[in-house]
Amino acid sequence: MSSIETVDLTKRFGDVTAVDSLNLRVESGEVFGLLGPNGAGKTTTLSILCTILKPTSGSASVNGHGVTDEPSDVRKSIGIVFQDPSLDNRLTGRENMEMHAELYNVDRHMQKKRIKELLELVELTSRADEPVKNYSGGMKRRLEIARGLIHRPNILFLDEPTLGLDPQTRGKIWEYIRKLPSEENITIVLTTHYMEEAEMLCDRVGIIDHGRIVALGQPRQLIKDIGEDIVSLKLGDKSRAEAFKQLSFVKNVKVGETVRLVVEDGAEATPRICEFATQNNIKLRSLELRTPTLNDVFLYHVGRELREENANSRDRMKSMMRRRGGR
Ligand SMILES: Nc1ncnc2c1ncn2[C@@H]1O[C@H](COP(=O)(O)OP(=O)(O)OP(=O)(O)O)[C@@H](O)[C@H]1O
Ligand SMILES: [Mg+2]
């Protein structure tokens, strides 16, 4: 059964089309990721699915309920962890959980049991009675995830679950998220602009740019689809990159920070690339052979890299402000 289905879902803010005719299906029990750069439309999509924003046109159903017709049924069946932290810092971890349980009408007896098991799940039992203001960023994020699960939702939405966290804490959060579908019998929809996060966590990803899905599928399959190997070159003069298209075994040439050639067999291609460069007077500063990543998938479909420096300055500023705890 599909947990989520969108049909031509569109959201405009004035001239900006944040979500552009999105057609998406998320199956029950999946970990599904929306991967895209700043400003791609990830939060907007999630906000529509969570009934926080109304679509401009098109439709979406969540757990079988229409987001515009039956918003309260949708809300009851989902848990949300927002991109911006939303805990009460003056309350303890446990109190934050209790407040949320009340909000969702979880009965008192269930509350206790549920809070206990969720605090254990995210390893916060020993710190549960301290005010949240004493928590580290990673602890806060773990508490928010636990809190989002308190009313046993069918779907958990996580907007940038590890934004701004150190790699170790990020790894820990990945562990919890991976455990959830089996332990909590839940579907997870998350957004991220970290490629490795999408690769590690998601059964399927939708790569999104300017509100449109540019590629959809299992991370491994998407990577496989673009080719076998990547030869990454640093050239004395990037404008010469196109010349490599003349080589029959080069399937694709993209110019980003480095010049990337998608080739079928990297080991075979490498010496021939060097030879070609010498013959054509192209200065090679360095050459690296590697297997492709989701960043290469993004580059392949969008023509630029999935990196923050590509975001427009307004979105970049927005994301910096968030990291500093502002709004
Ligand atoms: N309330 C709003 N009013 C006007 N424009 C908005 C609003 N919310 C989002 N936008 C615009 O819609 C586009 C998509 O924004 P959105 O927040 O969905 O991106 P995102 O993919 O979540 O980015 P990030 O990685 O920075 O969180 C951006 O151009 C953004 O500036
Ligand atoms: Mg966002």
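Reader: How many helices and strands are there in the protein chain?

Author: The protein chain has 11 helices and 14 strands, where helices (H or I, at least four residues) and strands (E, at least two) are DSSP runs numbered from the N terminus. This is a predicted model, in which local features need pLDDT of at least 70 and side-chain atom pairs count only at pLDDT 80 or more, while totals for chains, interfaces and linings use all residues. Residues are numbered from 1 along each chain as its sequence is written, chains are lettered from A and ligands numbered from 1 in the order in which they are written, and side-chain values use heavy atoms, with hydrogens and water left out.

Reader: What does the C-alpha trace span, and what share of the residues counts as buried?

Author: Along its principal axes the C-alpha trace of the protein chain spans about 75 × 45 × 35 Å. Of its 327 residues, 51% count as buried, a word that here means under 20% relative accessible area, with exposed meaning over 50% and partly exposed in between (1.4 Å probe, protein chains only).

Reader: Where do T43 and Q83 lie in the chain?

Author: T43 belongs to helix α1 (residues 42-49) and Q83 to the loop between β6 (78-81) and α3 (93-103), so the pair ties together parts that are 40 residues apart in sequence. T43 is partly exposed at a relative accessible area of 32%, whereas Q83 is buried at 14%.

Reader: Changing topic, how many salt bridges are found in the whole structure?

Author: A search of the whole structure gives 23 salt bridges, each being a side-chain nitrogen of Lys or Arg within 4 Å of a carboxyl oxygen of Asp or Glu. One of them joins the side chains of K42 and E160, at 3.9 Å from N to O. This pair links distant parts of the chain, with K42 in helix α1 and E160 in the loop between β7 (155-159) and α6 (167-184), 118 residues apart.

Reader: Are K42 and E160 buried or exposed?

Author: K42 is buried, having a relative accessible area of 5%, and E160 also counts as buried, at 2%.

Reader: Which residue forms a salt bridge with R170?

Author: R170 pairs with E196, and their closest N and O atoms are 3.1 Å apart.

Reader: Last topic, which residues gather in the patch of negative charge?

Author: On the surface, E228, E264, D265 and E268 make up that patch. Patches are made of residues with over 30% relative accessible area and no salt bridge, like charges being joined within 9 Å and nonpolar side chains (Val, Leu, Ile, Met, Phe, Trp, Tyr) within 5 Å. D265 is placed in the loop between β13 (259-263) and α9 (266-279), and D265 is partly exposed, with a relative accessible area of 37%.

Note on methods:
Accessible areas come from the Shrake-Rupley method with a 1.4 Å probe; for residues, only the protein chains shown count as cover. Lys and Arg count as positive and Asp and Glu as negative; His and the chain ends are not counted. The place of a charge is taken as NZ of Lys, CZ of Arg, CG of Asp or CD of Glu.
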